[in-house]
Amino acid sequence: MVEHAPVLLMVVPLLAAVFCALLGLRWKALCLPLTIIGFIAALYFSVITFLQVSASSDHQVIYFLGGWNASEFPRGVGIEYRVDLLNGMLLIVIAAVALLAAIFSKQFVSMETPGKEPQYYALFLLLAVGLMGMTITADAFNLYVLLEVSSLTSYALIAMGSRRASVAAFQYLIMGTIGASFYLLGVGYLYIKTGSLNMQGIHDILIGEGLLESPAVYVAFLLIFVGVWIKLAFFPLSTWLPNAYSRAPTATGCIIAPLMTKVSVYIMLRIMLTVFGPEYVYDELSWSGPMVWIAVVAIIAGSILALGQKDLRRMLSYLIIAEVGYMVGGAWLLAPGGMARGESLYSTATGLVGTGYHIISDAAMTLCLFLAVGAMIVKAGSSRIEDMKGLFRKCPVTMACFVVGALAMIGVPPTCGFFSKWYLISGAFEAGRWEFAAALIISSLVNAVLFFRIIEFAYFGKLPEVDDAHGHHQRHDEGGMEENPPSMLVPLVLASVALIAIGLFNKEIAGYLSQFLNTVAMGGQG
Amino acid sequence: MKKLAGIVVFTVGLILLYGVSSLDDFPSWGTPDSPANKSPLSQYFIKNTIVDTEVPNMVTAVLADYRGYDTMFETVVIFVAGLGIFAVVRVFEHGGASRVVTADTKPDIIITNTCRLLIPLIQLFALYVLAHGHSSPGGGFQGGVIMGASFILVALAWDLDIALKRFSEKQAFICSGIGILIYAGFGLASVFLGEEFLNYGIIHKILPGVDSPEMARYYAMLGVEIGVMFTVTSIMFLIYGLLATRGKMTAGL
Amino acid sequence: MMIGLWGMISKNNLIKKLIGMSIFQTAIILFYVSVAVKSETANIPILPHHGHDYSPKIALAHAVSDDHENGGHDDHAGHQAHPVGPKIPDPDGYANPLPHVLMLTAIVVGVATLGLALAITQKIYREYGTLEEDQLLEKVRADDHG
C-alpha cells in the first residue's frame, strides 16, 4: 500500500469529505472527527511519500495514474504525479496546517455558520485536497482542474460568512477566475506549440525543438505568469486579498491565508524551473531586473498599507502581500554573469533557496498569527487593534504564541523568519541587488513597529469596563484569567513550536532545497 | 474604472494577437501538421484507443480512462459547486405561510400532460446517451445533464414541491456522494489489486464474465460514467432548486 | 475574449460582470477546440461502425471463426485472404481528441463557477438589496465603520 502513498494522500481526504457531507446530514457530530481523521491520513501519507523521495536515488518519486507509464507509452498519455524534494516538503506543510486549522475551528464553525457544519467541513477537506493536488501533479491541465477545485471551495468557504464576506468573495471570484482562465489560455498556447500537456514533456519538446524563441511561447509564458500572479496576490494584482482574508469566517481564514498564496508561489517556481527551464527564464528573458523592482514595490507597499490599518486581520492580510513580494523577488534574483550551462542553479540563484524556505516558514508564520488573532478576537470581542487592551492578563498562553509569531515575522532568531530573511538577503547580496536587501530590512522594521504596537496595547492597556447591563460577559473576578479552550490552544502552541523548529532545522531544509535545485539545473530528467 | 479596463483589455488583446501573428511560428488553422496534431500523444490516442480499450469513441476513452483522474476531479468540482451553493444560499425557514393556489398558480393542464408524456422519454434518452457514450458522442456528463433537466422539467411544469417529493434534497446529496464514491471505488479497486489508482485493466480479475484487460477497461469506463451521471443529475437539480427559490427550497417558479 | 474581459472589469452591475466572465470562458473554450481541427475532410474522433473494422478483439474472433470454417487445415489455395489483424485508424482522418476532452472539463468547471457566483450574488442581494457595485461598496464601507 505504501507505494500508492502519493495518490492515497489525495483520495482519503476526498472520501472523508464525501462521507462528511453525506453522514453529516444525519449525524452532525461526525463531521469534525471525520475531518480530523482525513487530515491525519493525509499527513501520514505525505510523510511516507517524503521519506520515499529522500530515500530514492534521484530524489524523486514518480507515480503514473491509471498505469500509463512513460516506458510503455508516450509521455503524457496518462496523468503523472511527480514528487521531489520541494513539493514533498510542501505536502507535509499543507497537511499539517490543514490539520491544525481543523482542530482550531471547532468553536468557530458552530458560531459563525450554524446548521451547515457538514458542508463546511466537506469544503474544508476538499480545499486541502485541491491544494495538495496542485502541489503534487506534473500535468499542466490537471493543475488547472485542481486549481479550480481549491478556488471554488475557498470562494464558497469565504462567502459562508457575514454579509461583507459575500462581497469580498465575489471580488475574489472574479479576480480568481480571470487568473485561472489566463493560466488555461497560456497552457493552450503551449499545447499548440508543443503538443504535450505533461510538464516534463513540454520542457523536453521546448528544448529539443528549439522553440524557446518563438513569440507564441513567450506569450504563453506571460499569460501563465499573469494568471499565477493574480492567484498569489502579487502587487498590484492583489486588490482582492485584504477584503477576502479579513472578512472571511475565522476558521476559513486560518486555512486559506497560510496556504493559497504559498501554493501559488510553488506553482510559479514549478513552471519556471520544470516547464520552461532555468536557461529560458534567466537568460532569454531579461526580466530579472524589473521583477525584483516590482517585488520591492510590493514589499514596501504592503508594509506601508499595513501600518494604516486599524483592523487586526486586515493588517495581517497586507503583510501577506509583502511576504509574497519577498518570495517572488527571491525567485528572480540572479547572480551577475548569468548562468553557464551545466552550472548548478544553486550557485547562481541562491535567492531560490530563500524563496523555497520562505514558502514553508511563511505558511507556518501566517498560520500561527491567524490562529492567535482568531483567539484574540474571540476574547476581546472585536477585531480592532484598540480593543486588544489587557489581553496579556486574560489569556497569557495565546498572547505568548502571538509574540512568537510576531518575532518570526520581524525576523528574530531562532525563529524561521530570521533564517528566511537571511537566505533572501544573502541571495540579494550575491546578485548585487541592494534594493531588494534594503526592502527586506525596511519591511522588518515596519513589522517591528506594527507588532510592538499591538503587544503594547495588549500588555499595558487596561481591561475594558464590564458592562453588567449586557449580561453576556460574566466575569467571576475582575482581571481574572480566562484562557481559551484547549481546542484553540493546542494548535496555536503547536504552530508556535513549529516556527522555532523550522528555524532550528533550517540547515536540513535548505539542504533539501539545494539538492532539488541541483537536479533542476542538470536537466531534471526523470 | 472604465479607462483602466480599457487599458487592460487593449494590452491583453495586443499580447494575444502578437502571439498568434507570426505566420511561420503559429500553426495555421486546420492543418494536420501542427505540433499538437502531429505530436506522438494525439497520434497515439487515435491509433491505440481501440486496441487498449475496445471503445470506438476516442474522446470518451481519453476522458474516462487515460485522463480519468482529471474526470474524477471534474466530478468533484460539480460536487463542490453543489455543496458551495447550498452552503452559501440556503436559508432554513421554519413554518412559512402556506401558498394559496389561485387560478394563476395552478399548473396548466396542457403543460402537465405534455410533460407526463415527455419526461419518461427524456429520461430514457438520457440513459441511452450515457450507455452509448462509447460509440457515439455522449457519456456521463451529457447523460447526467439531460436526466437532471428532466427533473427540472417536473419542477417547472408542476411545482418545485412536487419535484422535491420525488427527489428530495437529502436524496440528491446522497445520490451525488454515491457518484463520487463509485468513481473512487473503481480506482481503489485497482489499488487493492496491486496496480496503480484507476488502472482499470487489473479489475478483470474480479469482474464476473470479463476476460481481458481491454474489456475490463470498457466496462469500468461505463461504471465510472454511471457514477458521474449520478453526481451530475442530482447536483443539477439541487442547483436549480436552490437558485430558483433563493435558498428556501419551496414554492418554485 | 476581450469583450468578456472588458465586461468583467468595467461593468458596475454584478450580473453583467458574470456575463462577461461567461463570455470570456466560452471564448477560451472555442480557442482550444479550434486547435483540434485537422482539415476539411477530417472526421469527428469516433471510429465508424462501432469500430468493428479496427477492434483487435473482433479481428481475433473473425480469425478464429475463419479457421474453424476452413477446418483448420493449411491449404491456402481455396480460401480468401482475410485481413491480417485489425486496421489501424489513419490519424489524419480524425480530429484531435485531446482538446475536446480538455474542454469538456473546462466547460464543467465554468458552469460550476457560474453557479457559485450566482449563489453569492443572490446572497449579496438578499443582504444588501442592491447589485450595483458602487452602491455596494458604500454600504460595505458603512458596515466597516459601524
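This tour moves through the structure one selection at a time.

The model is predicted, so local features are reported only at pLDDT of at least 70 and side-chain atom pairs only at pLDDT 80 or more, while totals for chains, interfaces and linings use all residues. Residues are numbered from 1 along each chain as its sequence is written, chains are lettered from A and ligands numbered from 1 in the order in which they are written, and side-chain values use heavy atoms, without hydrogens and water.

**First selection: chain A**

Select chain A, whose secondary structure comes to 21 helices and two strands. Helices (H or I, at least four residues) and strands (E, at least two) are DSSP runs, numbered from the N terminus. Of the 526 residues in chain A, 69% are buried. Buried means under 20% relative accessible area, exposed over 50%, and partly exposed in between, with a 1.4 Å probe and protein chains only. Among contacts in chain A (heavy atoms within 4.5 Å) between residues at least 6 apart in sequence, 80% join residues at least 24 apart.

**Next: helix α8 of chain A**

Select residues 199–208 of chain A, which form helix α8; A:M199, A:Q200, A:G201, A:I202, A:H203 and A:L206 are buried there.

**Next: A:A233**

Move on to the loop between α9 (215–232) and α10 (240–247) of chain A, where A:A233 lies. Most residues other than glycine have a negative phi. A:A233 is not a glycine, yet its phi is positive, about 60°. Is A:A233 buried or exposed? A:A233 is buried, with a relative accessible area of 0%.

**Next: the nonpolar cores**

A nonpolar core is a set of buried Ala, Val, Leu, Ile, Met, Phe, Trp, Tyr and Cys residues joined through side-chain atoms within 4.5 Å. Select A:F451 and B:F197, which touch the most other members of the largest nonpolar core, a set of 319 residues. Leaving aside residues up to four places away in sequence, A:F451 touches A:M315, A:L316, A:L319, A:L369, A:F402, A:A406, A:M409 and A:I410.

**Next: chain B**

Chain B has ten helices and zero strands. Buried residues make up 57% of its 253 residues. Among contacts in chain B between residues at least 6 apart in sequence, 66% join residues at least 24 apart.

Show both chains together: 55 residues of chain B are in contact with 62 residues of chain A. The area buried between them is about 5,000 Å², and carbon and sulfur atoms give 77% of it. Buried area is the accessible area (1.4 Å probe) that two parts lose on being put together, summed over both. In chain B, select B:L41, B:R67 and B:Y69, which lose the most area to chain A, together 13% of what that side buries.

Which residue forms a salt bridge with A:D139? The partner is B:R67, with the closest N and O atoms 2.6 Å apart. A salt bridge is a side-chain nitrogen of Lys or Arg within 4 Å of a carboxyl oxygen of Asp or Glu. The count of salt bridges between chain B and chain A is one. Finally, select α5(B), which supplies 14 residues, the largest share of the side of chain B that touches chain A.
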